[in-house]
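Let's take a walk through this one, a stop at a time. Have the viewer open as you read.

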Amino acid sequence: MDIQRLVAMANDIAAFFDAETDKVVATEGVRLHISRYWEARMRREIIAHVNAGGAGLAPTAANAIRLLKAPT
Amino acid sequence: MYAKDYHDLGTPLANGDAVTLEVDGATVTVPAGTSIMRAAALAGADIPKLCATDTLKAFGSCRVCLVEVAGRKGFPASCTTEVAAGMKVSTHSEAIDKMRRGVLELYVSEHPMGTCADSSRCEVESLAAAHGIRGSRYAAPGTARAQATPKPIDVSNPYFRFDNDSCIVCSRCVRACEDTQGTFALTIEGRGLESRVAASQQEPFLESECVSCGACVEACPTGALMEKSVLTAGLPQQAIETTCAYCGVGCSLVAEVTDGAVSRMVPNRDGRANQGHACVKGRFAYGYATHADRVTKPMIRKRITDEWREVSWDEAFTYAASEFRRIQAKYGKDSIGGITSSRCTNEETFLVQKLVRAAFGTNNVDTCARVCHSPTGYGLKHTLGESAGTQEFVSVQHADVMMVIGASPTEAHPVFASQMKKRLRAGAKLIVVDPRAIALVKSPHVEADYHLRLMPGTNVAVINALAHVVVTEGLTKEQYIADRCERDSYQKWKAFVADPGNSPEAMEKITGVPAAELRGAARLYAQGPNSAIYYGLGVTEHSQGTTMVMGIANLAMATGNLGREGVGVSPLRGQNNVQGSCDMGSFPHEFPGYRHVSDDATRAQFEAMWKVHLLNEPGLRIPNMFEAALDGSFRGMYIQGEDLAQSDPNTSHVTAALSALECLVIQDIFHNETARFAHVFLPGSSFLEKDGTFTNAERRISRVRKVIEPLAGLADWEVTARLSNALGYPMNYTHPSQIMDEIAALTPTFTGVTYEKIDRLGSIQWPCNDSAPSGTPTMHVDKFVRGKGKFYLTAYVPTNERTSSRYPLLLTTGRVLTQYNVGAQTRRTANLAWHSEDRLELHPHDAEARGIEHGDWVGVTSRAGDTVLRVEITDKVAPGVVYTTFHFPESGANLITTENSDWATNCPEYKVTAVQVVKVAQPSAWQRRRQQREQAPVG
């Protein structure tokens, strides 16, 4: 899938949760959202992107994706 | 004329304490405030009437309903005289009958016997005949009446005609236009014998302000206003109650059938959602169901460049199933998916998602609600605990303040708009939040107290500013919040919105809304005391659609405006069964009843019933499917009743994805834009051809009943079941009621729903279960469904779609009254008489700066693409904003919309696209290609 599209989606999610002043809560919000609503191949690809440096990802998005469990 | 077999009680229902009286010796008990006429009808003693009908307040003009009341002098009109305890009424006597004959003879001079197109249902002729009147001395040869020149019949409206010579000037039509519809298009002009009904300034109906709702036609006691279809088809032989298949109001209708075809559609006066009213679409625009364009034979082709080949149903199912299995074997189980339709029934959407989950073995199922109200589901579920509106429509009659955000009810939900206008005429206040001056801002006897004319894309800034005023001016309902909401989330939210950065003054330069107006609106809403929010796609179809829904819920909770009549948060759903398709588990992450696929207990319940292993991982959403199709990991789709190629944003991207599929199976009633990319075409069935249920915007489950046989031989639910059987996963239902039984067994909010109960109660609002056996009109009454209401922080995040020197205008989109969505249905009806093309609304200042004049063709270019539309210059839009509808495929409106989408749900941002508009001389290249294609034979 177009990784730039996935990056943009992850950043949009992070922009919502970044309203939280507690960054742990914000990061967990992004992690939970992606794990509940993103299909496995999307999660696999965004995790791989983070592992490759995560270019373009907002900090909260990148942090949340690092906490994601890789789909089996 | 009202529906066949309808018993009109003369005056509306009253709601006082019980009163007992006698009518012609029979005892009857009715609510105080009831008219003698209604009480008599209920007692089985119908009183003659001409100016009365039970949808309108009594008028007391025709003088044929006179009665005698023991102990009272004279002959009071039974329609305007209220009952009293112990009253003894006589509806017939020699004196009464003599007076009635005299009055009726006068009416017959205006409406001679035998002149009505349908004398048997003409109330004047029926009454006169019953009183032995065959003619009138007042119209005898030589009288002025007899020598009057016949007036021309107005046949301008495509659906009904007006024959002034059959009119008795009873004013029922005028009152229906005012009281029921709220348009005030009709009047009585002239005096005495010259008085006559006129539309607007004596204009033909089609050219007048008439919105063709048909309320006048139904109210007419003669054949003066009559449907043309009745004139051609003749008297109905059958009347079948069903539910409209247009917008989310879900009007209850009665389909009258003559010789196996629908001859007339009238609103069901007992319909709880529509209260006996309908609109130009539901009442008249049903002809598409039998249009010559209907596809009635299954077709297949190997490549999308091949000609279609008509085949048997069996061959079509076998081919589709073999292709899906071939693709899965080659590319993996997750390489296919399906789309359910908000136009189809609950039972049909339930079956499609079941087929995807159980027969395909994936969760790659989504629905067209993805592109309209998916943020509603997410936002309301997270804040309040349930993915649905909180009220029933009649609740609006208890509202003191209405806030309408991003919706144009008079265009998109006209029957509910009439209910709103009735309440507004009675004194309720109105706040409109919309970039456009929608009709409710100012129309006859309705004027918004505030019109917050915000720039497209700034909804969240406005809702935060409204909340800022409420919080900083001490207008919150602290006890309500303490009792019903999460304390921590409230405190956090309160501090967030109180930040000066969210003040109306700070937001004014972003939103364009003057701070003083916004403050006034916030105070009005907060102080209601009953304030209700109604919103539409102008809220959801944004990159912050979900944030805005949450912001609305926050505001309603903070002001205590949830959990009783007259308040609430009500999404106005676009299509007839958006609510239902979402309820039925059409989203890739959840089963019916909004339960996540990762929930082990829920999954176990479905696995036990469906006897199959189910995945605990969310599947692909529609836009994700497109992305996966383009990268080659998604190769097959089954689409029931949705035209992705026309309705989804960034058409070029969508069609590239569809072209990449190896097997696209389309199930539709017409050969739509998406079918150009299909390999299998399965003919669909219209709402007239099947049984089932729709769930409207109030969570009201209503029956859809088969009126005619399916044109292609199978109802949509049968098609899905047979496709599933071909895939090797058996579905052996023999009637949709069995599917509803399965839904009820698997869905906690539907536990008590059966066809028998819906038939008995008329309709049911879910939740319907042991706790609420008759359903739930108002949600969150004692507490929120999620337990404590949760406030979410809703920071305003500007959309990426911004104006620039290259794209200096903001395009937003919407609908018109007479067309519906992508127009597949209404474009195939006479509704084209009102709206035959999409136009671009442009402010006079922007037009002048570009040298554009009214009616010019203009090119509209965005970052995504370009198209050409004819321009309409109007100040309905603000400078810097342009607007169009999307009802005609040739307009290519979605060529210019972008892939920006809501952060939570990927609902497209249809409402904000930066564009440039220039005068042009010819259609766009895409439009020219499309024209050439349309002129070529299908294939």
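Here is a short tour of a sheet, a helix and a single serine.

First, the ground rules: this is a predicted model, where local features need pLDDT of at least 70 and side-chain atom pairs count only at pLDDT 80 or more, while totals for chains, interfaces and linings use all residues. Residues are numbered from 1 along each chain as its sequence is written, and chains are lettered from A and ligands numbered from 1 in the order in which they are written.

Start with the open sheet in chain B, where three strands run in the order E28-E29-E30 with antiparallel pairing. Strand E28 (692–695) and strand E30 (764–765) of chain B are the edges: each has a single partner strand, so one side of each is left without a neighbour in the sheet. Strands here are DSSP runs of E, at least two residues, and helices are runs of H or I, at least four, numbered from the N terminus; two strands pair if DSSP finds at least two bridges between them. E28(B) and E29(B) (residues 700–704) share four bridges, and Gly692(B) has Val704(B) as its bridge partner.

Next, look at helix H11 (residues 374–383) of chain B, where eight of the 10 residues are buried (20 or more other C-beta atoms within 10 Å of a residue's own; exposed is 12 or fewer, partly exposed in between, with C-beta atoms placed from the backbone). Among the buried ones are Tyr378(B) and Leu380(B). Just after H11(B), Gly385(B) takes a positive phi of about 110 degrees.

Finally, find Ser418(B) in helix H13 (residues 414–425) of chain B. Ser418(B) counts as buried because it has 25 C-beta neighbours inside 10 Å.
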